[in-house]
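Colleague: I have a model open and would like to go through parts of it with you. Could we begin with the aromatic residues?

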Amino acid sequence: MAESRGSIASFATYRPPLPVDIFSCAVPPSPGTREQKLTDGKSYNCNGRPIPAPALKLLIEKKPELASECGGATAEDVDRGRATGLVFVSEREDGLETLHVALRFNGEVNVVSLADIYGADAFGGMRMEDSACFGGGFAPEADHSIIYVSTKKQVEKRRAPWTVVYRTSLRTGETERLTPEGQYDLSPAVSPSGKRVAVANFRWNRWTGEIEHLKTDIVVMNVDRKAQGGKLNRKRLIKDGGWPSWGSDNVIFFHRGIEMQDPSSGKVTTTWRVFRYDLNTEQTEAVTPEDINAMTPAAISETKVVVATIRRRTNQMSVQREVAQYRHIEIFGFANPNQQAVKITQNIGPKADYYNPFVLDGGNSIGYHRTRTEDIIKKQDGKSDVPRTFSKLQSPHNDVAQFRVSGVFPTFSTDGSKLAFVDNEFKAVWLADKQGLRVVWERSKTNTVFSTVWNQNPEKDILYVCVGPPFSASSPMEIYAIFNVSGSSGGRPEVRRLTDGGYNNAFPSSNPEGTKIVFRSTRDHMHGTTDGTRHKNLYIMQDAHAGETVGDGSVTRLTDGEWTDTQCQWSPRGDWIVFSSTRDKPANAPLLDHGVDIGYFAVYLVMVADPNVVVRVVTSAAPSAGPGSVAGHVNHPVFSPDGRSIAFTADLSAVSAEPISMPTFLHSVRPYGDIFSVDIDRDNIQKNKDIKKFHRLTHSRYEYSTPAWTQFATDDHNAQWNMLVTTDRATADFKPSCPYMQADGGDSWHMTGHMILPRKCC
């Protein structure tokens, strides 16, 4: 039966709260220049590229409705430039980030997915698609094809990207893989002749945990192996480069991150610059100056390129920024290095971020994507709100549904009637039930509330939250209980602190009866370690109602060791507790790698009746890889309601897009990754040791985190929160204050590329 095992909710950490869409403007722009929207304005749309006329005509031949439902555009309209096409990524297919084409004619826009044109064999299943471009050039008789990235094929190797470049013939729909088995590619770009494609290839055929500056090289190969004697002739041209773009068949522009270490502090910073590589001379030369950040180039000619710039990078956690700290689109010339850059988007909206430019009409127009600020709702009190909804996502399992929550740490009551979460300012606790959607508790400061979880006994109507600075183990953090959350007993909710003593306490979870709580704490590790960290272990609070602050409330220790045990959840049957831990981290392992926590988190089970029985269930890297193989992140594990599976967030699939092409944050993108699950034996704990087979549940360029699993389907009438689950973003009422927005001195509001989201919730 569909969705018979319930639903999984999760949160996309860096996904902008306002939809992104694709626009263009004329070059050179002037104050008051108006943008042109290039899509139909539905869903989230990004990473657009123009479709050459011969390719567009073939797409219309394959799918006549593309033109007939757009004013009846003809082949002559395409040849004369009256009808134009765009290929781009959209989330309108059940939340999947997949490729679509838009035909624009006489002011009308019609959008069709490539899956609708060529079927599920080439464009089907759970996947993420990206970076489409076209082979065959502009010759009508050429074998035109679309080149793109897809994650549709599972990679058994852990901590390995699933990103593979494919080629699909526009005439026949025949699809072939261009990325060799065992290798991983990103960001394909086809040469002007349409015969060669350049990609960013993961060096050493692996991902080593880097977050912003991927270790990729530029590799060039043939688009059509049949036309070249059956060979792709892959050749590595440029070491340490990404996002290639052809200025001609002999010139490639690309970006590169240049890391520099401060001799006094030891801090490593990365500056991004765009370079130009000449295939004839094999010379590489810088195009953009070293005092600004420039990335995601799109070549206009051999000597001119449009890029995204951040002229002055700042604290990525900051909301308030100056114009120079926004990401803007600019044109740079190579032939005359003294020539001033042509600023494009600064004349349109100086306090907004613009991403991933592309060239239209020979450089007379430039395209890009940005947030749709017109979707902000103005209220009578002068404040601004962002429309929110719980979006249903496609699931790889027929018996498990998925949806995305517009809030952090979603949690379901056991009876499925209530859903709670924290807003994206980590300030307020929201509740969705039969009475609607509302705030049930709010703090005066941001970044102080997280890790909401229901007491497993639904009759108690108790919600637990953690209060304090969540990412400082040396700072006190307390667990609170909100009694009578929904008001089912009449009256207002009552809030009580359960922990005491100034320790760092977090991630509570009750037993099925609702009488006890397991949580993690630093209480026996208050002196810290040589590197300044404090170890955390699991404890059981014997009275889930009184806590340890009232009477003789007692706490007993469950795990013991100089490591971090955290993110715990009691099983539905009450016999086991699942948690994430660094207990197998090698003694000589570094604290940081690429400037971020290297992790070494794996998922474990502990037997409540005998805490000496601990079984490691799943690691980030394969256990057979040897010492240190558990490096990485497998975090936030939760049981399925029937106890047969565990869902978690992990970096098992590495990264799926070049992180610098996305909104930048402190320690982004994707330190955890996507949502995964493993099936377990719920009767014999020892049979769950180092499970090999895992299921990938989400495919995204964003980080998906903090899953929750309810026994109820999204269409079950007993789950009153499901009235807020929709495939249309235009409904629902959750409108928290948006940390992406900042005022522009008056009534103008703009979306920033920054978000006050803390990292490493452990």
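Colleague: Are Phe 676 and Phe 694 buried or exposed?

Modeller: In this predicted model, Phe 676 and Phe 694 are both buried.

Colleague: How many aromatic pairs are there?

Modeller: The count comes to 15 aromatic pairs. One of them is stacked: Tyr 148 and Tyr 166 lie 6.1 Å apart, centre to centre, with 25° between the planes.

Colleague: Which parts of the chain does that pair tie together?

Modeller: Tyr 148 belongs to strand S9 (residues 145-150) and Tyr 166 to strand S10 (residues 164-169), so the pair ties together parts 18 residues apart in sequence. Both Tyr 148 and Tyr 166 are buried.

Colleague: What about charges over rings? Which ring does Arg 370 lie over?

Modeller: Arg 370 lies over the face of Phe 23, at 3.9 Å from the ring centre. Arg 256 lies over the face of Phe 275, at 5.0 Å from the ring centre.

Colleague: Now the sheet, please. In what order do the four strands of the open sheet come?

Modeller: The order is S3-S2-S25-S24, and the pairing is antiparallel.

Colleague: Why is one side of S3 and of S24 left without a neighbour in the sheet?

Modeller: Strand S3 (36-37) and strand S24 (355-360) stand at the edges and have a single partner strand each, so one side of each lacks a neighbour in the sheet.

Colleague: How many bridges join S2 to S3?

Modeller: Two bridges join strand S2 (residues 20-26) to S3. Ser 24 has Gln 36 in S3 as its bridge partner.

Definitions and conventions
Residues are numbered from 1 along each chain as its sequence is written. This is a predicted model: local features need pLDDT of at least 70, side-chain atom pairs count only at pLDDT 80 or more; totals for chains, interfaces and linings use all residues. Side-chain values use heavy atoms; hydrogens and water are left out. Two strands pair if DSSP finds at least two bridges between them. Rings of Phe, Tyr and Trp (its six-membered ring) pair if their centres lie within 6.5 Å; planes under 30 degrees apart count as stacked, over 60 as edge-to-face and the rest as tilted. Buried means under 20% relative accessible area, exposed over 50%, partly exposed in between (1.4 Å probe, protein chains only). A charge sits over a ring if NZ of Lys or CZ of Arg is within 6 Å of the ring centre and within 35 degrees of the ring normal.
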